[in-house]
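This briefing covers strand pairing and contacts between aromatic rings. Please keep the sequence and the structure at hand while reading.

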Amino acid sequence: MIVSLFFTFDKSIKDWKKSGILERELKPYILLNKKYNISFNFITYGDLEDIKILQNYNFINIYPIYSKLSRPKNIFIKFFKSFLLIYFFREVIKKSSILKSNQFNGLWIPLLCSLFFKIPFICRGGYIWYKFLDVQKANYLKKKIV
């Protein structure tokens with residue numbers, strides 16, 4: 001079985017490492033591999049450095065979007081480029097048994113892939129995004145979209 005994990009929008013393995021959460025985030029995947037021999041594809045918003053960071057985990061294949069594209073600074077361009085994940089990694093995605101999002105922020109790509117390729121999709125929330133926005137006093141439109 002192969003599970004493809006789609007990272008939170010604009011996040012990478014390098015970000016996990018830099019923020020000190022890498023080991024915590026990897027723990028469930030290590031346990032699932034040991035217990036059920038599940039392999040994973042990590043589809044990230046990183047670059048080739050993501051591959052280097054996890055080079056010793058032979059059951060995880062890394063597919064960083066910015067190994068294929070230049071990383072834009074503008075968030076709107078990043079959003080539109082996120083759809084190119086489907087194109088660049090379509091063969092990897094098609095071979096997946098299950099697609100999984102890591103957070104709500106970024107679920108549009110695995111959701112579309114699930115619809116296009118007829119692959120089951122698990123949506124992981126991570127936290128209650130709306131409540132987070134409410135605490136941050138985000139604008140009305142953003143909260144309505146979420």
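Two strands are taken as paired if DSSP finds at least two bridges between them. By that criterion, in this predicted model, strand β1 (residues 2–6) runs parallel to strand β4 (residues 98–101), to which 4 bridges join it.

**Strand β1 and its partners**
- Strand β1 is mostly covered, with 4 of its 5 residues buried.
- In β4, Lys100 is the bridge partner of Leu5.
- Strand β1 is also joined by 5 bridges to strand β2 (residues 39–44), and these two strands run parallel, with Phe6 standing opposite Ile43 in β2.

**Aromatic pairs around Phe42**
- The structure holds 16 aromatic pairs, and in one of them the rings of Phe7 and Phe42 have their centres 5.6 Å apart and their planes at 55°, so the pair is tilted.
- Because Phe7 lies in the loop between β1 and α1 (13–18) while Phe42 belongs to strand β2, the pair ties together parts that are 35 residues apart in sequence.
- Phe7 and Phe42 are both buried.
- The rings of Trp16 and Phe42 have their centres 6.2 Å apart and their planes at 75°, so this pair is edge-to-face, and the pair links distant parts of the chain, namely Trp16 in helix α1 and Phe42 in strand β2, 26 residues apart.
- Trp16 counts as buried at 5% relative accessibility, and Phe42 likewise counts as buried, at 0%.
- Ring pairs link a cluster made up of Phe7, Trp16, Tyr29, Phe40, Phe42, Tyr57 and Phe59.

**A charge over a ring**
- Arg90 lies over the face of Tyr87, at 4.3 Å from the ring centre.

Definitions and conventions
Residues numbered from 1 in each chain as written. Predicted model: local features only at pLDDT ≥ 70, side-chain atom pairs only at ≥ 80, totals over all residues. Heavy atoms only, no water. Buried < 20%, exposed > 50% of the residue type's maximum accessible area, 1.4 Å probe, protein only. Phe/Tyr/Trp six-rings, centres within 6.5 Å; stacked < 30°, edge-to-face > 60°. Lys NZ or Arg CZ within 6 Å of the ring centre and 35° of its normal.
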